[in-house]
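This report is written for a reader who has the sequence and the coordinates open side by side.

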Amino acid sequence: MAAKRIQLSKTGPEFSRVAAGVWKWDNLNTQQIDTLVKAGIESGITTFDHADIYGSYTCEEAFGKVLRQDSSLRDKIELVSKCGIKLLSPNRPDHKVHSYDTSKSHIVSSVENSLKMLETEYLDLLLIHRPDPLMHPDEIAEAFYQLQKSGKVLHFGVSNFTPSQFEMLNSRFTLVTNQVEISALHRDTIFDGTLDQCIQHSIVPMAWSPLGSGQIFTETDDPTVRRLRDKVIEIATNHNNAGIDQILLAWLMKHPSQILPILGTSKPERIKAAADAIDIDLSRDEWFEILVAAQGHPIP
Amino acid sequence: MAAKRIQLSKTGPEFSRVAAGVWKWDNLNTQQIDTLVKAGIESGITTFDHADIYGSYTCEEAFGKVLRQDSSLRDKIELVSKCGIKLLSPNRPDHKVHSYDTSKSHIVSSVENSLKMLETEYLDLLLIHRPDPLMHPDEIAEAFYQLQKSGKVLHFGVSNFTPSQFEMLNSRFTLVTNQVEISALHRDTIFDGTLDQCIQHSIVPMAWSPLGSGQIFTETDDPTVRRLRDKVIEIATNHNNAGIDQILLAWLMKHPSQILPILGTSKPERIKAAADAIDIDLSRDEWFEILVAAQGHPIP
Amino acid sequence: MAAKRIQLSKTGPEFSRVAAGVWKWDNLNTQQIDTLVKAGIESGITTFDHADIYGSYTCEEAFGKVLRQDSSLRDKIELVSKCGIKLLSPNRPDHKVHSYDTSKSHIVSSVENSLKMLETEYLDLLLIHRPDPLMHPDEIAEAFYQLQKSGKVLHFGVSNFTPSQFEMLNSRFTLVTNQVEISALHRDTIFDGTLDQCIQHSIVPMAWSPLGSGQIFTETDDPTVRRLRDKVIEIATNHNNAGIDQILLAWLMKHPSQILPILGTSKPERIKAAADAIDIDLSRDEWFEILVAAQGHPIP
């Protein structure tokens with residue numbers, strides 16, 4: 001049995017081996033969210049990945065109602081949120097331009113609002129959502145120190161950062177993760193140095209969109225997706241006819257950087273299936289067969 | 001009021017917030033250059049950016065005549081020059097091939113010639129003009145040490161270096177700047193790690209061609225330039241109808257790496273206008289609006 | 001006279017300035033290989049570059065027969081081999097998928113087999129043949145330590161690694177080289193940071209395919225190869241009508257990273273010619289003329 005929990009870095013938080021993203025939970029009611037949270041906890045998926053902007057600034061609040069309903073839940077889960085994007089939204093009438101803001105004051109006030117919406121006293125992890133060309137690492141580090149000192153955020157990381165952006169901020173404040181897009185269909189970070197950097201610094205990356213495309217579940221005309229889908233289904237026969245999603249999650253988790261996938265589902269059964277994927281141990285041959293099917297050409 | 005002076009790095013020189021490039025002064029006579037130098041000094045623009053090769057090896061000499069005429073000028077200005085390119089030129093009949101030379105002997109003799117032409121005893125800053133594939137950092141470092149020890153050059157940097165080239169030379173000799181092309185129309189260095197590296201090392205980059213294209217001042221057919229121009233003119237209305245060049249300079253100076261723009265103008269009034277641009281404080285929204293207009297697609 | 005030997009790094013092995021690759025020796029008999037090895041030794045080319053997979057897993061064994069025949073040879077040469085690629089081959093019926101394997105057990109057993117095939121008790125240098133997306137630097141380092149401790153391999157390096165992959169593994173175990181493709185026709189590593197990294201770490205890179213293409217020796221229609229070939233022949237007239245291969249090897253060896261070329265020939269006379277190329281000292285002008293002919297556009 002593979003470990004169900006993972007520590008993001010030497011000084012980082014312990015998370016569940018797979019996280020549940022709330023990105024697509026924006027149309028769910030409190031009861032439905034409650035069901036998903038409890039399905040996660042039961043399956044050992046206790047880490048929930050938020051951002052201030054999800055659901056056009058509504059998802060944190062909807063999730064917070066579940067925590068308010070049952071105050072025993074907070075101790076059983078870990079909460080991740082993000083800040084730094086200013087979205088045009090009816091819920092933020094003061095935003096005039098879709099832009100980024102990584103000023104100290106914006107980071108601090110964004111977190112304070114997330115805490116209020118989520119009905120919690122602390123975040124386990126805060127991420128800068130996108131690399132802001134105007135970010136200054138000293139200013140971000142100041143915001144992080146203040147939030148850490150006040151107990152409002154326990155750990156800090158980034159999302160969608162290139163290696164040089166990560167290095168720049170990490171030189172001022174020790175980051176515990178870089179949350180990036182990784183899947184068999186989006187392999188850039190495997191080869192462009194992003195995951196090399198994580199391994200070198202002994203930091204676990206988090207993967208958003210870990211299945212790459214919803215098309216993977218359907219009879220699609222896209223030749224790349226179809227080729228990958230066929231190969232995954234073939235390999236699944238070696239693994240007790242596991243689901244396509246399970247094989248693709250296992251493919252990510254086999255990477256030596258110990259990629260932590262963030263599920264994009266809002267179905268309790270898929271959360272449970274993902275939890276079971278932790279125990280699927282692909283062989284090296286299977287891993288490379290999936291890589292080659294996805295990229296459409298052999299390795300050198 | 002924003003600071004009119006800036007220190008390039010912890011141990012680097014103090015320069016004016018904007019520098020005057022002499023690149024295009026090759027057709028000016030001594031009187032005209034004198035006027036430009038004095039216009040600069042009056043406006044607080046005291047840093048003059050040379051290279052041995054400007055004007056096909058003539059600009060340093062023309063500038064030197066102004067310094068000879070009025071020996072009080074040298075103490076009021078900072079002189080930057082560059083070496084390492086061997087240009088085909090009637091003024092260098094021994095050059096048979098357009099090539100680079102970063103040998104110790106070439107660097108030292110090039111500087112000695114620059115000092116003679118400029119009629120000065122020292123350069124404030126010497127840059128390797130282009131990354132030479134044959135450069136050896138130990139040999140360059142030896143040349144820099146010798147020039148520094150003899151008082152002929154106070155500080156050293158590079159121009160047009162990639163992050164790995166900068167890192168290689170900086171591992172042998174502490175550099176104070178990387179002078180690269182940066183403008184709203186040429187944004188590569190903002191995203192490719194060049195400016196991240198400057199921020200990480202607390203080094204101020206210098207920007208050549210900071211307006212990107214002379215077309216920005218005219219009714220152009222180029223859709224990119226036109227889109228940027230329209231946006232800049234719109235934003236200028238929030239800033240006392242500042243000039244297009246002023247807004248574009250302010251856009252560069254807002255970057256957290258504290259980009260030091262090098263003017264390409266030979267008009268005294270534009271030098272004065274640039275000095276006033278230092279006080280224009282663009283909002284984050286305005287900065288992103290200019291970015292998006294220049295790149296032609298929204299930020300993610 | 002240029003040095004005939006070179007140390008790969010501060011703690012690395014001393015190799016001949018040019019190495020002989022056995023990649024294309026797969027159709028040679030024992031006598032022919034014996035002739036080549038002795039031609040190398042006579043010319044001072046004593047380093048032989050192997051890989052487990054060369055000749056579909058046959059070249060090491062064929063070379064080993066020569067060493068068995070004459071046990072005095074081993075002390076006169078240095079042996080490089082590689083591991084990590086699993087090729088489909090009648091000689092490896094258990095390989096089902098063309099894949100990579102950098103697990104500790106595969107590295108160790110691959111080396112043990114190489115030693116047996118080569119009829120030697122140690123390798124001077126072992127390289128990971130290709131960057132394996134599933135490699136874990138800690139596991140590779142463990143394998144290296146074990147092989148070093150047992151005396152089976154004296155030094156360790158990599159092949160075809162990007163700078164970030166090199167950095168990742170080098171952070172766990174000190175590498176003495178990165179063997180990559182470099183030639184006038186394949187110049188990526190000169191500009192993408194690979195060679196910058198070698199210089200920064202004072203590590204000698206090894207170059208495979210140093211002539212870039214066999215076409216360089218023939219009247220070809222390829223305009224790039226033809227342009228380069230014409231220029232090389234022209235420059236050869238300044239160097240006692242040296243061969244095309246000699247000028248191209250001298251071009252590589254002039255690079256400040258001290259590139260060590262690996263010959264791809266199986267002709268004794270070309271091995272001798274390559275040894276003589278060590279003494280060809282191209283001027284900077286000649287180096288840049290070859291660069292410009294190869295790239296087809298002037299330097300900036």
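In this predicted model, C:Ala20 stands opposite C:Leu263, a residue of strand E12 of chain C. The two strands concerned are E3 (residues 19–21) and E12 (residues 260–263) of chain C, which run parallel and are joined by two bridges. How do the strands of chain C close into a barrel, and in what order? Eight strands take part, in the order E3-E4-E5-E8-E9-E10-E11-E12, and the pairing is parallel. From one strand to the next, the twist averages 30°.

**Chain C against chain B**

The size of an interface is often given as the accessible area lost when the parts come together. For chain C and chain B, about 1800 Å² is buried between them, with 59% of that area on carbon and sulfur atoms. On the side of chain C, the residues that lose the most area to chain B are C:Gln200, C:Arg284 and C:Pro300, which together account for 33% of what that side buries. Counted by contact, 18 residues of chain C meet 22 residues of chain B.

Charged and polar pairs also cross this interface: two salt bridges are found there, along with 11 residue pairs in polar contact, both partners being at pLDDT 80 or more. Three elements of chain C give two or more residues to the side that touches chain B, namely helix H7 (188–191), helix H8 (194–200) and helix H12 (284–295). Of the elements, H12(C) gives the most, with six residues. Sorted by class, the side of chain C that touches chain B holds nine nonpolar, four polar and five charged residues.

**Chain A against chain B**

Between chain A and chain B, the buried area is again given as about 1800 Å², 59% of it on carbon and sulfur atoms. Which three residues supply more of the area that chain A buries against chain B than any other three? They are A:Tyr100, A:Pro133 and A:Leu134, which supply 35% of that area. Here 22 residues of chain A are in contact with 18 residues of chain B.

The count between chain A and chain B is two salt bridges, and there are 11 residue pairs in polar contact, both partners at pLDDT 80 or more. The elements of chain A that give two or more residues to the side touching chain B are strand E7 (99–100) and helix H6 (163–170). Helix H6(A) provides the largest share of that side, four residues. By class, the residues on this side of chain A divide into seven nonpolar, nine polar and six charged.

**Salt bridges**

Over all chains, a search of the whole structure finds 54 salt bridges.

| B:Asp101 | C:Arg284 | 3.3 Å |

Key:
Residues are numbered from 1 along each chain as its sequence is written. Chains are lettered from A and ligands numbered from 1 in the order in which they are written. This is a predicted model: local features need pLDDT of at least 70, side-chain atom pairs count only at pLDDT 80 or more; totals for chains, interfaces and linings use all residues. Side-chain values use heavy atoms; hydrogens and water are left out. Contact means heavy atoms within 4.5 Å. Buried area is the accessible area (1.4 Å probe) that two parts lose on being put together, summed over both. A salt bridge is a side-chain nitrogen of Lys or Arg within 4 Å of a carboxyl oxygen of Asp or Glu. A polar contact is a pair of N or O atoms within 3.5 Å; within protein, one must be able to donate a hydrogen and the other to accept it, and residues adjacent in sequence count only if both atoms are side-chain atoms. Ala, Val, Leu, Ile, Met, Phe, Trp, Tyr, Cys and Pro count as nonpolar, Asp, Glu, Lys and Arg as charged, and the others, Gly among them, as polar. Two strands pair if DSSP finds at least two bridges between them. Axes are lines fitted to C-alpha atoms, for helices over the stretch in contact, and angles run from 0 to 180 degrees between N-to-C directions.
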